[in-house]
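Please look through the sequence and the structure shown here.

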Amino acid sequence: VATDELLAPLYERLVADPDHEFPRIVDFLVALNQHLEQDIEYVVRMEPGVQTCEETLDMARGSCRDSAWLLVQILRQFGISIGLSILAVIAIITLV
């Protein structure tokens, strides 16, 4: 299953939810991070590398690097570039 197909339900949920009006990018990023934090269980993984988005979503768990990669891919779905995605991940980590 392609990443786009797996991310589509999360994307649709965020876009369709009338309570999610994002007047600022920071509010959008915080809300997105909160969704991931609720949906993905944090685990410490000692294995090298990053899980695919499919693995993280299927298992609903992953390390911080797995969640960060998932976040980058979701941001791409919203048309936010990889460079900005990395800055967004850093900003979220700093905010938490």
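Threonine 56 lies in helix α3, which covers residues 53–59. Helices (H or I, at least four residues) and strands (E, at least two) are DSSP runs, numbered from the N terminus. This is a predicted model, in which local features need pLDDT of at least 70 and side-chain atom pairs count only at pLDDT 80 or more, while totals for chains, interfaces and linings use all residues. Residues are numbered from 1 along each chain as its sequence is written, and side-chain values use heavy atoms, with hydrogens and water left out.

Is threonine 56 buried or exposed? Its relative accessibility is 0%, so threonine 56 counts as buried. Buried means under 20% relative accessible area, exposed means over 50%, and partly exposed lies in between (1.4 Å probe, protein chains only).

Which residues does threonine 56 touch? Leaving aside residues up to four places away in sequence, they are Ile40, Gln51, Arg61, Asp66 and Leu70; contact means heavy atoms within 4.5 Å. With glutamine 51, threonine 56 makes a polar contact between side chains, at 2.9 Å. A polar contact is a pair of N or O atoms within 3.5 Å; within protein, one must be able to donate a hydrogen and the other to accept it, and residues adjacent in sequence count only if both atoms are side-chain atoms. Glutamate 41 is 15 residues from threonine 56 in sequence, and their C-alpha atoms are 9.3 Å apart.

Now turn to helix α2. In α2, the buried residues include Phe28, Leu29, Ala31, Leu32, His35 and Leu36. They lie on the same side of α2 because they cover an arc of only 165° around the axis, taken from the directions from the helix axis to the C-beta atoms. Glu37 and Gln38, on the other side of α2, are exposed.

In soluble globular proteins, nonpolar side chains tend to be buried together.

Finally, consider the whole chain. The protein has five helices and two strands, in the order α-α-β-α-β-α-α along the sequence. Of its 96 residues, 31% are buried.
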